[in-house]
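Here is a short report on a model with two chains.

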There are 2 protein chains.
Amino acid sequence: MLGRGGVIPMGNVKALRCRECRQEYEPSLKYVCDECLGPLDVTYDYSRVRVSRSTFAGREKSYWRYLELLPVERSSVVSLDAGFTPLHRADRLGEALGLRHLYLKNDSVNPTFSFKDRPAGVAVSKAREMGLKAVGCASTGNLASATAAHAAKGDMPCYIFAPRDIEYAKIAQALAYGAEFIAVDGTYDDANRIAAQVADTKPIGIVNVNLRPYYVEGSKTLAYEVVEQLGWRVPDHLIVPVASGAMLNAICRGLEELHELNLVDGIDNARVTAAQAKGCSPVVDAFKKNRDEIVPVEYPNTIAKSLAIGDPGDGIYALRRLRQFHGYAEDPDDDEIRDAILLLARCEGVFTEPAGGVAVAALKRLVEDGRIGKDEHVVCYITGNGLKSIDAIEHLLKEPRIVKPNYMDVASMIAV
Amino acid sequence: MLGRGGVIPMGNVKALRCRECRQEYEPSLKYVCDECLGPLDVTYDYSRVRVSRSTFAGREKSYWRYLELLPVERSSVVSLDAGFTPLHRADRLGEALGLRHLYLKNDSVNPTFSFKDRPAGVAVSKAREMGLKAVGCASTGNLASATAAHAAKGDMPCYIFAPRDIEYAKIAQALAYGAEFIAVDGTYDDANRIAAQVADTKPIGIVNVNLRPYYVEGSKTLAYEVVEQLGWRVPDHLIVPVASGAMLNAICRGLEELHELNLVDGIDNARVTAAQAKGCSPVVDAFKKNRDEIVPVEYPNTIAKSLAIGDPGDGIYALRRLRQFHGYAEDPDDDEIRDAILLLARCEGVFTEPAGGVAVAALKRLVEDGRIGKDEHVVCYITGNGLKSIDAIEHLLKEPRIVKPNYMDVASMIAV
């Protein structure tokens with residue numbers, strides 16, 4: 001509970017508040033409500049946040065430009081210069097799909113090559129602020145590298161808990177940053193359970209467990225940046241890949257904050273849509289069946305391993321956000337996902353891992369059946385990098401043609 | 001030769017000029033001097049370039065912010081939003097090496113994940129401006145993806161010529177963008193020779209052959225950006241990995257242009273150093289032996305495949321630049337390169353392919369023997385992405401520890 005006076009020396013942060021029963025707590029490593037077991041969120045004293053559109057114009061080209069809306073003091077920041085990634089105008093993909101105003105938020109070019117640098121950077125910074133001696137995470141792969149790299153920069157040991165069947169490139173990358181990689185012989189949900197037990201028993205900041213209230217704040221910047229990059233315009237439709245549901249929820253929260261702070265005219269016309277892979281689509285399934293509960297998927301089975309969370313922690317909240325923001329939910333299958341990866345690469349020169357293909361494939365479905373109109377301003381989140389999951393598409397690629405270094409042999413191969 | 005009147009409708013470009021005999025030509029696909037066979041460079045009418053430091057402040061976050069100094073009209077630009085990559089302040093690596101002001105120019109986060117998006121983007125844009133129907137390149141790997149992705153965005157067929165033994169991730173990435181990949185059973189120099197023959201006989205713009213005068217201009221932005229990001233300060237020392245030598249030459253040319261345009265106070269105190277791998281170091285070798293000629297390396301043998309050009313086209317010019325800019329040249333071996341990759345990842349959370357390790361390892365040598373002082377402002381160019389060459393380091397990584405999803409087993413593994 002908030003101490004008397006209620007002023008906490010940490011920027012504009014007011015409290016941790018239960019997302020269910022609204023009980024408030026002093027900021028700490030607490031992440032579950034004592035009263036109702038609901039998740040805790042950071043709340044801010046928005047009356048103290050004095051920003052306007054011009055505040056941000058000259059600032060650093062990273063998500064730390066929004067420091068007033070992040071739960072970390074400047075002096076604690078561990079930065080890899082992540083964020084403020086390109087909002088890529090996708091005219092060729094738009095034409096292929098039938099859209100005139102399509103944009104890609106390209107987070108494949110973050111420092112560790114996925115959007116996870118946003119939440120991991122905020123959480124590791126918070127761990128440093130709190131004086132923790134080590135950090136870690138439960139990961140489907142991308143978070144492993146994001147946490148390990150920020151831990152390296154912040155000079156803290158890092159423990160990764162991940163299912164052993166994730167893409168090898170993701171394991172190798174996290175190991176290169178010096179992390180301890182503990183490969184759990186089970187699903188992501190098993191790895192997550194182990195990480196939660198570690199968080200409860202060791203003095204370690206697990207970024208997506210006991211640091212989760214701070215962690216999820218980092219992903220709000222995916223909303224701030226898109227709106228700022230569009231000239232402080234809120235897009236008509238945002239297509240968001242969903243794993244735990246935390247990112248989608250954070251993007252919606254970010255939009256609400258921009259409205260709260262009068263940085264945008266309104267958010268009532270913004271739709272938010274969820275994209276999952278057919279082999280693991282508990283949120284999409286609940287949405288389509290109009291259920292209020294998420295039925296966990298016991299054995300996820302999809303090439304989109306970074307989205308393969310069978311029992312998504314924020315799934316129920318993502319579901320509520322879809323309804324609040326009048327969005328849709330789609331779950332393309334692995335073939336559609338692969339086709340979308342290649343369509344994206346061949347139209348826009350953007351190379352994504354399957355999660356980005358899920359978003360593009362879901363968008364394709366929505367345009368095809370008329371749920372998105374051709375004049376809408378659409379933003380599609382490309383959250384990770386194709387180099388991490390080449391296996392997913394390699395059988396679709398042509399073999400390189402091997403030739404002796406002889407001009408005549410080569411010339412005959414060239415159609416032009 | 002310049003036509004009468006001499007005004008060419010292409011921005012501030014004046015002519016193509018021979019780097020050796022200064023003969024001038026009207027801009028075209030010509031790339032070799034008729035008189036002396038020297039390489040041709042783009043020259044500009046600097047009196048028409050009206051820019052000041054403030055000109056650039058509010059511009060797009062890509063290298064196209066310097067359009068006045070690039071040989072392409074705005075309407076021809078094929079952009080993937082490359083460039084304006086982070087200049088990462090590397091305090092931890094600096095401390096490890098003994099430097100107080102070390103910065104990394106992190107081009108691993110370009111759209112196709114190497115610095116090659118700079119020259120390839122300019123060349124593909126020029127190909128479009130010239131109305132060419134196809135493009136291509138000779139590549140050690142990174143240029144393949146950069147050219148293929150820009151060709152995809154520009155809706156042009158793309159032909160890649162590369163040695164067949166380059167990293168598989170680089171081949172797969174280029175194929176994903178839809179390129180025709182012709183794997184030459186030989187060295188890079190063989191692939192380059194084939195590409196040159198294709199350029200001379202087919203109506204194809206080979207970005208690093210017949211488009212080379214325009215291509216090399218893109219890499220000048222590596223100088224512009226560093227200087228702008230340092231608040232228009234020229235660093236004391238720049239550490240540059242060298243393959244063909246074109247990038248180092250372009251960085252030096254970029255510094256000269258900033259001086260010509262009065263955007264910086266002076267460049268007399270800037271040193272420029274070349275870094276090559278011991279298994280292919282023709283430029284470093286010539287520098288150290290104080291020779292004026294480059295002796296080609298017939299069979300390059302190093303993990304730094306992206307630098308493995310045995311007969312570097314601009315090697316002689318890179319050598320002259322090292323002398324002009326009072327720099328050094330170093331050639332760390334593969335073990336030093338691997339150690340540097342991991343040192344960089346573990347200090348700074350930046351994951352590079354071997355070329356970046358070559359630069360860091362060369363820097364380490366220079367600091368250790370006192371050629372760079374601890375108070376100098378040093379910029380080290382990290383030109384490519386570690387995900388493309390995991391093979392190079394994987395035997396140095398610890399194996400992930402595989403465990404059953406059981407808390408007690410896991411808890412015993414955690415030292416904290």
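Two residues count as in contact if their C-beta atoms, placed from the backbone, lie within 7 Å. The model is a predicted one. On that criterion, the contact takes 71 residues from chain B and 71 residues from chain A.

**The interface**

Several elements of chain B give two or more residues to the side that touches chain A. Among them are the helices α3 (142–153), α5 (188–201) and α11 (334–348) of chain B. The strands β8 (180–184) and β14 (401–403) of chain B are also on that list. So are α4 (168–176) and α13 (407–411) of chain B. The largest share, six residues, comes from α4(B).

The class make-up of the side of chain B that touches chain A is tabulated here.

| Class, side of chain B touching chain A | Count |
|---|---|
| Nonpolar | 43 residues |
| Polar | eleven residues |

How are the two copies related? Chain B superposes on chain A by a rotation of 180° with 0.0 Å of shift along the axis, at an RMSD of 0.0 Å. The two copies are thus related as by a two-fold rotation axis. In chain B, the C-alpha nearest the axis belongs to B:V109, which lies 2.3 Å from it. Of the interface residues of chain B, 100% are also interface residues in chain A, so the copies meet through the same surface.

**Chain A**

Chain A has 13 helices and 14 strands. Its radius of gyration is 21 Å, close to the 22 Å that the globule rule gives for 416 residues, so chain A is as compact as a globular protein of that length. Taken along the principal axes, the C-alpha atoms of chain A fill a box of roughly 85 × 45 × 45 Å.

**A helix pair in chain A**

Two packed helices are described by the angle between their axes and the distance between the axes. In chain A, take helix α2 (residues 117–129) and helix α3 (residues 142–153). Their axes come within 9 Å and cross at roughly 40°. An angle under 35 degrees would count as roughly parallel, and 65 to 115 as roughly perpendicular. α2(A) and α3(A) are therefore oblique to each other. The crossing of α2(A) past α3(A) is right-handed.

Which residues make the contact? From α2(A) come A:D117, A:A120, A:G121 and A:V124. From α3(A) come A:L143, A:A146, A:T147, A:H150 and A:A151. By class, this contact has five nonpolar, three polar and one charged residues.

Key:
Residues numbered from 1 in each chain as written. Chains lettered and ligands numbered in written order. Predicted model: local features only at pLDDT ≥ 70, side-chain atom pairs only at ≥ 80, totals over all residues. Axes fitted to C-alpha atoms, helices over the stretch in contact; angles between N-to-C directions. Helix = DSSP H or I, 4+ residues; strand = E, 2+ residues; numbered from the N terminus. Parallel < 35°, antiparallel > 145°, perpendicular 65-115°, else oblique. Left-handed = near helix turned anticlockwise from the far one by under 90°. Nonpolar A, V, L, I, M, F, W, Y, C, P; charged D, E, K, R; others polar. Least-squares fit on C-alpha atoms with pLDDT ≥ 70 in both. Rg over C-alpha atoms; globule rule 2.2 N^0.38 Å.
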